[in-house]
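Me: I would like to go through this structure slowly and ask what lies behind the words used for it.

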Amino acid sequence: MKNKLLIIGASGHGKVVADIALKMNKWASIAFLDDDTSFKSSMGIEVIGKSAEAFTHINGYDIFVGIGNNSTREKIQKKLEAEGASIPSLIHPSAVIGEQVELASGTVVMAGVVVNCCTTIGKGCIINTGATIDHDNTIEDFVHISPGAHLAGTVKVGHGSWLGIGSIVSNNLNIIKACRIGAGAVVIKDITESGIYVGVPARRVSNGKDSNIGK
Ligand SMILES: CC(C)(COP(=O)(O)OP(=O)(O)OC[C@H]1O[C@@H](n2cnc3c(N)ncnc32)[C@H](O)[C@@H]1OP(=O)(O)O)[C@@H](O)C(=O)NCCC(=O)NCCS
């Protein structure tokens, strides 16, 4: 761990990430990188350059990708990993994390989240405000669990999937990789085909190829 933190992305998601990092009180200073050169600072935190400059800061900073889009976050985190960057995980002090929970690098756990025991959360995930993930879940890499989503026990969510705000997943279910589950959807059976699912119970409305939302 380094004593300075660099966050890539200074807009909405990046600001929440910075807020959590400030509350963790582990870094002497925090700075942003952002490709929008009109950003000079965000939340009073200085934007010191563009995202590609991250690679010149690897020796001096822990680096965190504060970008909400799953596939963009994955691409950048993988390049940083290949260059040997130190990538922390960030956990808001109000989150409740059970025993034997594993959280990998680049994952952020936001305010009011509960992750119950024996759950594994992969790299580069977003566990957003007030979500709950119960016991024995497996959340694969670069997944986003949106605010207020609730996952019952022994759920598996595949690589890069995105569960919308307020969605619910019943117990013992698997959701395959690269799915988008709409706001308020209720998943009551395994999802075995990638795509966009909405409604109660959740049904597939598209293969997701024409939509960029949440990818
Ligand atoms: C599911 C979602 C990704 C689909 O987005 P999209 O690809 O642009 O799809 P569209 O808006 O074209 O909707 C496709 C159809 O599904 C319906 N639909 C979309 N989202 C829905 C939802 N959450 N619940 C029920 N129906 C929904 C639309 O009404 C439309 O139906 P129609 O074809 O009969 O008119 C999006 O609507 C959604 O729910 N996003 C969640 C946002 C969120 O959680 N944000 C939190 C970020 S932290």
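**Cores, a helix and a buried asparagine**

Reply: In this predicted model, the largest nonpolar core holds 27 residues, and those touching the most other members are Ile-127, Ile-145, Leu-151 and Ile-181. Leaving aside neighbours within four places in sequence, Ile-127 is in contact with Val-108, Val-109, Met-110, Val-113, Ile-121, Ile-133 and Ile-145.

Me: Which residues of H1 are buried, and what puts them on the same side?

Reply: The buried residues are His-13, Gly-14, Val-17, Ala-18, Ile-20, Ala-21 and Met-24. They cover an arc of only 160° around the axis, and therefore they lie on the same side of H1. Just after H1, Asn-25 takes a positive phi of about 60°.

Me: Why is Asn-137 called buried?

Reply: Buried means under 20% relative accessible area, and Asn-137, at 1% relative accessibility, therefore counts as buried. Asn-137 is found in the loop between strand S13 (132-133) and strand S14 (138-139).

Me: What does Asn-137 touch?

Reply: Not counting residues up to four places away in sequence, Asn-137 touches Cys-118, Thr-119, Thr-120, Leu-151, Ala-152, Gly-153, Thr-154 and Val-155. A polar atom of the Asn-137 side chain lies 2.9 Å from the backbone oxygen of Ala-152.

Definitions and conventions:
Residues numbered from 1 in each chain as written. Predicted model: local features only at pLDDT ≥ 70, side-chain atom pairs only at ≥ 80, totals over all residues. Heavy atoms only, no water. Core = buried A, V, L, I, M, F, W, Y, C linked by side-chain atoms within 4.5 Å. Buried < 20%, exposed > 50% of the residue type's maximum accessible area, 1.4 Å probe, protein only. Contact = heavy atoms within 4.5 Å. Helix = DSSP H or I, 4+ residues; strand = E, 2+ residues; numbered from the N terminus. Arc of directions from axis to C-beta. Polar contact = N/O pair within 3.5 Å; in protein donor to acceptor, adjacent residues only side chain to side chain.
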